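Reader: I am new to protein structures. Please show me how to read one, feature by feature.

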Amino acid sequence: MAPPRTYRCEAIILSYTPLGEADLLVTMFTRDQGKVRAVGKGARRSTSKLVGHLEPLTLMRMSMAHGRNMDIISQGEVVQSFSKLKEDLTGITKGLYLAELVNGFGAEDSANPELYRLMIETLLAIETDPESDMPLRFFEFHLLQVSGLMPELYHCVECRAELEPDAHRFSPNVGGTLCLDCNPEDAHLRLLSLRALKVLRLLDRSDIAAACKLSLDDSLAAELKSLLSTTVSYWLGKEIRSNSFLERLNNESLPEVYI
Amino acid sequence: MSRLVQELNRLPGIGPKSAQRLAYYIIRLPDEEAYALADAVTSVKQNIVFCEECQNLTDASPCQVCSDPRRDRTIICVVEDPLDVLAMERTRTFRGLYHVLHGVISPINGVGPDQLKLRELFSRLNQPDIAEMVVATNPTLEGEATAMYIRRHQGRDDLKVTHLARGLPVGGSLEYTDETTLTRAFQGRQEI
């Protein structure tokens, strides 16, 4: 029997690019198939039934049809629009940062429901408190975990000795933390303070609600941010482009006004 | 022949097959029509410049709109692209001036404020006779982010900053309208 021509899926829109006269080529992350690229026919026309539905950072329930080269979005219904997040410039930029990472780490035709759930709960946490950076740190850490790239935090990756309560070294290249006795030649090697190691272990054990209650001083927050974004960028194999605009907004920290 | 196909293939929306079809069409054109096409491409690259005021593409700076004394110089409409100016002009409703950004802030594509004509906009806003700025970026996520950035950085307390109304398109349908648009349409309801 021939496979059905249509199917239903739930997906978060990651990005789109214009295609042809009025179509959109949409990249989305689905719960059951991982990353999918599909065409929204006529979606740029103001009277299209898809207009407004395919904006990035929208959780959709969709009917799709198998196409010759790419699938076609035939119908869509918004499940969660994260509208509060989209009323804030910092919130939008943080959401797009997540979308860029999921686009980079998510594989086509390979379901990763943990990553799907992680993205939704992180978007909800950003919506609750757009100014806090903890949802991003939680996301970066668990992104590594659900992608099979979890750094070692309890034993030295070289000598396998249990880590003492002290400062250590860290490198994504060797897979995590090293004791101070082990010093392999590695361009990515950096110091890891005991406080930062404790926060990483806490991120490992806690859920996002507990992680967002953490209050870090500026130097600890900067250390974690640098460590996690460098690690994520290392595994992605390229620079995270939305990071530079996010940095710029953080440095400005002006009051937000929505028009 | 293959060079022409290669060059046509670079154009947006033109795949390899379409590029071949266009190339064959150009070869079959009478000489004068083919040279006219080549001349149009050459002259557009040689003669088109950014208007020194609104940054729109023009063959003479300042452009026709900016040099028209009948335009209202107290109001500036900020748009993403030159095509948006044409769309606005077709309405014959807006009689003020424009400012073309040539894109929107797109963090995911590495496009930041420095790649847009924002410095020129903020410099124009220093003119005290400008009383209102209409931010007419598209109601997309990146268009909204750009509008918020402009609002944040425009630097004048006495400037009225507005954006175009959000709501239902003429010929649209409530049933198929997304919740954000419908909410905005409801918030902006008008007495009839």
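Predicted model: local features only at pLDDT ≥ 70, side-chain atom pairs only at ≥ 80, totals over all residues.

Reader: Let us start with domains. Into which domains is chain A divided?

Author: Chain A has domain 1, residues 6-80, and domain 2, residues 85-252. Their centres, taken over C-alpha atoms, are separated by 29 Å. The contact between them draws 14 residues from domain 1 of chain A and 19 residues from domain 2 of chain A.

Reader: Which strands of chain A each supply at least two residues to the side of domain 1 that touches domain 2?

Author: Strand 1 (6-19), strand 2 (23-30) and strand 3 (34-40) of chain A do. Seven of its residues are nonpolar, four are polar and three are charged.

Reader: And what does the domain assignment give for chain B?

Author: It gives domain 1, residues 2-45, and domain 2, residues 72-163, of chain B. The C-alpha centres of these two domains of chain B are 35 Å apart.

Reader: On to strands. How do strands of a sheet pair?

Author: They pair through backbone hydrogen bonds, and the pairing is either parallel or antiparallel. Take the barrel in chain A. Five strands close into it in the order 1-2-3-5-4, with mixed pairing. From one strand to the next, the twist averages 50°.

Reader: Can we zoom in on one pair? In which sense do strand 2 and strand 3 of chain A pair, and over how many bridges?

Author: Strand 2 and strand 3 of chain A pair in the antiparallel sense, over seven bridges. One residue pair to find is F29(A) and its bridge partner K35(A), which is in strand 3 of chain A.

Reader: Which helix lies across strand 1, strand 2 and strand 3 of chain A?

Author: Helix 1 of chain A, residues 89-105, lies across them. This helix runs at about 110° to strand 1 of chain A.

Reader: Now the open sheet. What is the strand order in the open sheet of three strands in chain A?

Author: The order is 7-6-8, and the pairing is antiparallel. Strand 7 (176-178) and strand 8 (190-192) of chain A are the edge strands, each pairing on one side only. On average, neighbouring strands of this sheet are turned by 45° against each other, direction ignored.

Reader: Over how many bridges do strand 6 and strand 7 of chain A pair?

Author: Strand 6 of chain A, residues 168-171, pairs with strand 7 of chain A over three bridges. There, F170(A) stands opposite T177(A) of strand 7 of chain A.

Reader: Helices next. What describes two packed helices?

Author: Use the angle between their axes and the distance between the axes.

Reader: Which residues meet in helix 1 and helix 2 of chain A?

Author: Helix 1 of chain A brings G91(A), K94(A), G95(A), L98(A) and V102(A). Among those they meet in helix 2 of chain A are L115(A), M119(A) and T122(A). The residues of this contact divide into six nonpolar, three polar and two charged.

Reader: At what angle do helix 2 and helix 3 of chain A pack?

Author: Helix 2 (113-128) and helix 3 (134-146) of chain A pack at about 180°, and their axes are 10 Å apart. So helix 2 of chain A is roughly antiparallel to helix 3 of chain A. The contact includes L118(A) of helix 2 of chain A and F138(A) of helix 3 of chain A. Its residues are nine nonpolar, two polar and one charged.

Reader: What about helix 1 and helix 2 of chain B: at what angle do they pack?

Author: Helix 1 (2-9) and helix 2 (16-28) of chain B pack at about 125°, with axes 8 Å apart. The angle therefore makes helix 1 of chain B oblique to helix 2 of chain B. Their crossing is right-handed. Eight residues of this contact are nonpolar, two are polar and none is charged.

Reader: Last, the two chains. How many residues of chain B are in contact with chain A?

Author: 26 residues of chain B are in contact with 29 residues of chain A. Helix 6 of chain B gives the most to the chain B side, with eight residues. That side of chain B holds eleven nonpolar, ten polar and five charged residues.

Terms used: Residues numbered from 1 in each chain as written. Chains lettered and ligands numbered in written order. Axes fitted to C-alpha atoms, helices over the stretch in contact; angles between N-to-C directions. Helix = DSSP H or I, 4+ residues; strand = E, 2+ residues; numbered from the N terminus. Parallel < 35°, antiparallel > 145°, perpendicular 65-115°, else oblique. Left-handed = near helix turned anticlockwise from the far one by under 90°. Nonpolar A, V, L, I, M, F, W, Y, C, P; charged D, E, K, R; others polar. Contact = placed C-beta atoms within 7 Å. Domains from an automatic or database assignment. Pairing = 2+ DSSP bridges.
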